[in-house]
Amino acid sequence: MIVTQILVTVFVIFAFSRVILRFKEGKISLVAMVAWLLLWTTVEIIIWEPKTTTSLAQILGIGRGADLIIYGSLVVLFYLVFRIYVKLEDIERQITTLVRKIALSNKPKK
Amino acid sequence: MKLVIVIPAYNEEKIIGQVLDSLPQKITRISKIETVVVNDGSEDNTEFEIRKRKTTILSHHLNRGLGGALGTGMEYAKVVNADIVVTLDADGQHDPKDINRVIEPIIKKKADFVIGSRLRGQGMPIDRKIVNWIGNLVTFLLFGVLTSDSQSGFRALSKKALFKIKLQMNKMEVSSEFLREAKRHHLKIVEVPIKVFYTEYSKAKGQKNVNAINIFTKLLLHRLVNLK
């Protein structure tokens, strides 16, 4: 277990540095940075103190802490997929708008 | 009255020439007919076939799908000040003689949006009928418009409809989107029966039945998200 914990911690530190770096580069907003840092902090807490999830799971009426993590992850993943879907549709539309503008501006020949 | 015929075409080199040649040159009460083919990023000789004829061509550099192509054709129709717009498929499944029929309710000011319904006519294979029926049901459940052929590509729009209807969907979902928009703007919708030719070519070119699932999923998501 201790090996896993150390490996995860190393990865979390790496993730932290990336997030902060992206924020400094101005690629992500302050809110996004805080959200990501919170997420990775949660991961870190869970990996060192797995019991915290068990007590939280019991409050929510879910049997085990591990189940809570899986349910929670599923919800987050679904949400992210949805966000990506909306974004993709938006990009598709922008491409169409662009392609249309080009088609109409090339004076139609008869 | 000026009529603009919009034909979206993607890789239709074999048949587009025939379709264009069979279009009517004169229609009663129509003073000017302009045909515009939207070449939707075809990789074959579709563009060459179109350019051989006296037809306006608008070229998409990238394939955007049926909805994208129809949208471009309609934008053009606005620019050239069309009074009536007719859309029809480039795969030869529609009979251009039916143009008279679909524009009649608009000329008589009895409708703003006319659907050329294939189910009221004859010639559709049974599997297509089933998929179409599901399409009609989904369109009704999601958008509250009940028609006998919600997925028809043969339709006519009045000038009012042309300016009111805003299309956002890029692909085949656009057929249902037309109806949603027509309903949203309280346009008068009328159906007229049309002939349909189901040739081996048009069957191979048209939508696969399985594709219907994608369309319905997309429509449902759009209904839920209500994307702008």
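I'll start with helix α5 of chain B, residues 126-143: it has 18 residues and reaches 25 Å from its first C-alpha to its last, close to the 26 Å expected at 1.5 Å a residue. The expected span is 1.5 Å times one less than the number of residues; helices are DSSP runs of H or I, at least four residues, and strands are runs of E, at least two, numbered from the N terminus.

This is a predicted model, where local features need pLDDT of at least 70, side-chain atom pairs count only at pLDDT 80 or more, and totals for chains, interfaces and linings use all residues. Residues are numbered from 1 along each chain as its sequence is written, with chains lettered from A and ligands numbered from 1 in the order written.

Back to α5(B). Buried here means 20 or more other C-beta atoms within 10 Å of the residue's own, exposed 12 or fewer, with C-beta atoms placed from the backbone. B:V131, B:N132, B:G135, B:N136, B:T139 and B:F143 are buried. They lie on the same side of α5(B) because they cover an arc of only 145° around the axis, taken from the directions from the axis to the C-beta atoms. On the other side, B:I126, B:D127 and B:I130 are exposed. After the helix comes B:G144, with a positive phi near 70°.

Next, the interface. In all, 18 residues of chain B are in contact with 15 of chain A, contact being C-beta atoms, placed from the backbone, within 7 Å. On the chain B side, β3 (56-60) and α3 (66-79) each supply at least two residues.

Last, B:V102. Not counting residues up to four places away in sequence, B:V102 touches B:V86, B:V114, B:G116, B:F154, B:R155, B:A156, B:V192 and B:I194.

Note on methods:
Two residues are in contact if their C-beta atoms, placed from the backbone, lie within 7 Å.
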